Amino acid sequence: MAAVTSSSLLRNCAATTVRAFVTVKASNSNFRTFLLPLHSRRSLCRVSATNNEEAAAKVAAANADSGAPTIFDKIIAKEIPSTIVYEDDKVLAFRDINPQAPVHVVIIPKNRDGLTELGKAESRHVEILGQLLYAAKKVAEKEGILHGFRVVINNGPEGCQSVYHLHLHLLGGRQMKWPPG
């Protein structure tokens with residue numbers, strides 16, 4: 001390992017909230033113990049949010065086939081306000097209330113028709129699936145992000161699906177990274 005100075009390691013620790021002791025072998029073959037950061041507070045919040053999303057997805061999955069109206073059904077019925085960016089006779093698109101990108105739009109079929117998740121799609125759903133993707137293109141065009149965007153479908157509890165009404169997330173307005181998840 002290259003020479004490591006205690007001052008540079010400790011200086012890098014100053015702004016962090018969670019730290020761990022790490023033993024480092026310096027160039028003079030002595031072992032030294034330093035206090036080093038493991039994660040910043042922001043990373044811990046992200047881990048916590050991820051765990052909350054996973055828990056919410058498991059709860060949502062338990063009620064997936066109940067037939068009860070979803071929050072999206074209530075948005076379609078205009079019982080819950082939303083910022084609609086695209087609508088036709090079969091599809092509704094609105095801004096996500098917890099955006100993960102400068103442009104984050106949720107695109108849904110107006111009629112659920114048993115299509116609670118992509119994993120339950122049947123041949124009778126082919127037309128609406130195509131219409132959802134075409135709507136994503138139309139919204140991307142309207143939002144000025146045709147040069148780069150991502151369409152995401154969360155499927156099932158392991159995909160962190162939290163609303164069991166098939167929906168697409170259209171994300172853009174920034175550089176997307178790979179791998180996404």
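This is a short tour of the structure, stop by stop, with something to select at each one.

Before you start, note that this is a predicted model in which local features need pLDDT of at least 70 and side-chain atom pairs count only at pLDDT 80 or more, while totals for chains, interfaces and linings use all residues. Residues are numbered from 1 along each chain as its sequence is written, and side-chain values use heavy atoms, with hydrogens and water left out.

**The whole chain**

Show the protein as a cartoon and you will find four helices and seven strands. Here helices (H or I, at least four residues) and strands (E, at least two) are DSSP runs, numbered from the N terminus. Walking from the N terminus, the order of elements is α-β-β-α-α-β-β-β-α-β-β. Of the 181 residues, 31% count as buried; buried means under 20% relative accessible area, exposed over 50%, and partly exposed in between (1.4 Å probe, protein chains only). Switch to a surface and the protein exposes about 11300 Å², with carbon and sulfur atoms supplying 55% of it. Those areas come from the Shrake-Rupley method with a 1.4 Å probe; for residues, only the protein chains shown count as cover.

**The five-stranded sheet**

Next, select β3 to β7. They form an open sheet in the order β3-β4-β5-β7-β6, with antiparallel pairing. β3 (84–87) and β6 stand at the edges with a single partner strand each, so one side of each has no neighbour in the sheet. Neighbouring strands are turned by 20 degrees against each other on average, direction ignored. Two strands pair if DSSP finds at least two bridges between them.

**Strand β5 and its neighbours**

Zoom in on residues 103–109, which make up β5 and pair with β7 in the antiparallel sense over five bridges. On that side, the bridge partner of H104 is L171, and I107 stands opposite L168. Turn to β4, which also pairs with β5 in the antiparallel sense over five bridges; there R95 stands opposite V105.

Now show the side chains. In a regular strand they alternate between the two faces of the sheet. Which residues of β5 are buried on each face? V103, V105, I107 and P109 are on one side and H104, V106 and I108 on the other.

**A nonpolar surface patch**

Select L118, L133, L146, F149, V151 and I153: together they form a nonpolar surface patch with about 450 Å² of accessible area. I153 lies in the loop between β6 (149–152) and β7 (168–172) and is partly exposed, at 31% relative accessible area. Patch residues have over 30% relative accessible area and no salt bridge, with like charges joined within 9 Å and nonpolar side chains (Val, Leu, Ile, Met, Phe, Trp, Tyr) within 5 Å. A salt bridge is a side-chain nitrogen of Lys or Arg within 4 Å of a carboxyl oxygen of Asp or Glu.

Most residues other than glycine have a negative phi, and most peptide bonds are trans. Pick D113, in the loop between β5 and α4: its phi is positive, about 45 degrees. C160, in the loop between β6 and β7, has a positive phi of about 60 degrees. Finish in the segment after β7, where P179 is found; a cis peptide bond joins W178 and P179, with omega about 0 degrees.

Terms used
Axes are lines fitted to C-alpha atoms, for helices over the stretch in contact, and angles run from 0 to 180 degrees between N-to-C directions.
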